[in-house]
Amino acid sequence: MAITEHRDIEKGDNKGLEDLVEPFLDNSSKNVKSSEEEEIDQNHSIGMVLLSTAVAVCGSLEFGSCVGYSAPTQSAISTDLNLSVAEYSLFGSIVTIGAMIGAITSGRIADTIGRKGAMALSAVFCIAGWLAIFVSMGALLLDMGRFFTGYGIGVFSFVVPIYIAEIAPKDLRGGLTTLNQLMIVTGSSISFLLGTVVSWRTLALTGLVPCILLLVGLLFIPESPRWLAKVGREVESEYSLRKLRGAKANVSAEADEIHESILTLQSLPKVRLLDLFDAKYIKAVIIGVGLMVCQQSGGINGIGFYASETFETAGLSSGKAGTIAYALIQIPVTMLGVVLMDKSGRRALLLVSSSGTFLGCFLAGTSFFLKGQSIFLEWVPLLAVSGVLIFIASFSIGMGAVPWLIMSEIFPLHIKGAAGSVVVLVNWLGAWVVSYSFNFLINWSPAGTFWLFSGFCILTVVFVAKLVPETKGKSLEEIQASINSNSNSNSK
């Protein structure tokens, strides 16, 4: 799922955000702080940044809760509401349609009513959606609720990392922005685990908790100073900066840098979608879009949305054990991926990850083949569970987050908006296709479905090996120059 698409700002790609500096200290004796005063001020500023981040990532937790809801509830909802395969497939997948619309409109919303306003609006949509699911007695209200929660998380997917990037000082930004991805996975795992012990209606009510925490928390945290400056509210922007950096901090240098970055962005030329097909940008677009196609065509949103039912189809007496294992493995592996991202390199991590997803899908497909042939039946459940767990572990370590990071690094600043919109649209569209078609494919041939996904995983290995550059340790200018030079050499 599309869960970290705005890593460009998180990673400091945007001038004015990348150079946020520590509070400036005047060297004159009357303004020099004692070490004790400085420590108190620093602790205060870090405390407010941490509080603001904690409130914002409640949106990430809500994102994960929504994504993880359908996996443990499929059997119960289908039975209680007498849903057909097509009706439940629509319920499971319509969240991606809502998220697609939410992601597309999120930029305009966040620029119009602010980052806090956008988060509050998202929470309201999610609350309305969960309540609709809770009281639903048929497919119509169920789908409406799922769509509303999808729209809410689509906006969250944009505004949460943007807000964190805009409030965090430079030395904390990298660590704090990784919390977005980690909390998405945590929310998904919590839904998986709770879904094994509570009813589907009760699980819907638990989705309200992150929204309520976020709405209450928004009352105590400042608005993004960058957004306030962008809309001409300089006094409020400086007040917000002081609240984040400490009451005694000199924020004038940081405020000036924010102002300069806004002027720079406003001076950049407007880019149309057709401009993306220019020879200067086409290879970067192919890489960005191609990685999203590879991410979704491996089957993550089908396997993840309907994990419990997949385990039961494989012959487990209950899908709960496999679902619990699925939930528990995501968090530590995602944390490992965050550590390895800047150590092993993006390209190497993608190659290992896609190779692992191939192995997982191949094992799962083989287990269903053996079941269909009624041979080695005692091995079928073990192979199926092992295959799915290898798949999710491999996906979490690389293919989940790295494509979004690479996307943020390969596009020049002035086309990031247009190119990013195309990439996000492709990603959510792919998520819908996979999540909607998965149940139909499983009914057609469980073995064929997983072998089909394994084939796409092999194509991903080839795509990454042939086209995707290594971006670790390179400046944005070096990355983009490398892509252009390779493109030019290939065209000769």
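Is tyrosine 151 buried or exposed? Select tyrosine 151 to begin: at 13% relative accessibility it counts as buried (under 20% relative accessible area is buried, over 50% exposed, in between partly exposed, with a 1.4 Å probe and protein chains only).

Before moving on, note that this is a predicted model, in which local features need pLDDT of at least 70 and side-chain atom pairs count only at pLDDT 80 or more, while totals for chains, interfaces and linings use all residues. Residues are numbered from 1 along each chain as its sequence is written, and side-chain values use heavy atoms, with hydrogens and water left out.

**Stop 1: aromatic rings**

The structure holds 18 aromatic pairs (rings of Phe, Tyr and Trp, the last by its six-membered ring, with centres within 6.5 Å; planes under 30 degrees apart are stacked, over 60 edge-to-face, the rest tilted). Phenylalanine 125 counts as partly exposed, at 27% relative accessibility.

Next, select Tyr69, Tyr88, Phe91 and Trp130, which ring pairs link into a cluster. Show arginine 146 too: it lies over the face of phenylalanine 91, 5.3 Å from the ring centre (a charge sits over a ring if NZ of Lys or CZ of Arg is within 6 Å of the ring centre and within 35 degrees of the ring normal).

**Stop 2: a salt-bridge network**

How many salt bridges does a search of the whole structure find? The search finds six (a side-chain nitrogen of Lys or Arg within 4 Å of a carboxyl oxygen of Asp or Glu). Pick arginine 115 and aspartate 111, whose closest N and O atoms are 3.0 Å apart in a salt bridge. These two are four residues apart in helix 4, about one helical turn. Arginine 115 is buried, with a relative accessible area of 4%, whereas aspartate 111 is partly exposed at 33%.

Glutamate 166 is in helix 5 and arginine 115 in helix 4, so the pair ties together parts 51 residues apart in sequence. Glutamate 166 is buried, at 3% relative accessibility. Bring in Arg226 and Lys230 as well: salt bridges that share partners join them with Asp111, Arg115 and Glu166 into one network.

**Stop 3**

Select leucine 228 in helix 9, which is buried with a relative accessible area of 4%. Leaving aside neighbours within four places in sequence, its contacts include Arg233, Glu236 and Ser240 (contact means heavy atoms within 4.5 Å). Serine 240 lies in helix 10 (residues 234–245) and is buried, at 2%.

**Last stop: the surface**

Finish with Leu51, Ile212, Val216, Leu219 and Phe220, a nonpolar surface patch with about 500 Å² of accessible area together (patch residues have over 30% relative accessible area and no salt bridge; like charges are joined within 9 Å, nonpolar side chains, Val, Leu, Ile, Met, Phe, Trp or Tyr, within 5 Å; areas come from the Shrake-Rupley method with a 1.4 Å probe, and for residues only the protein chains shown count as cover). Zoom in on leucine 219, in the loop between helix 8 (208–217) and helix 9 (225–230); at 68% relative accessibility it counts as exposed.
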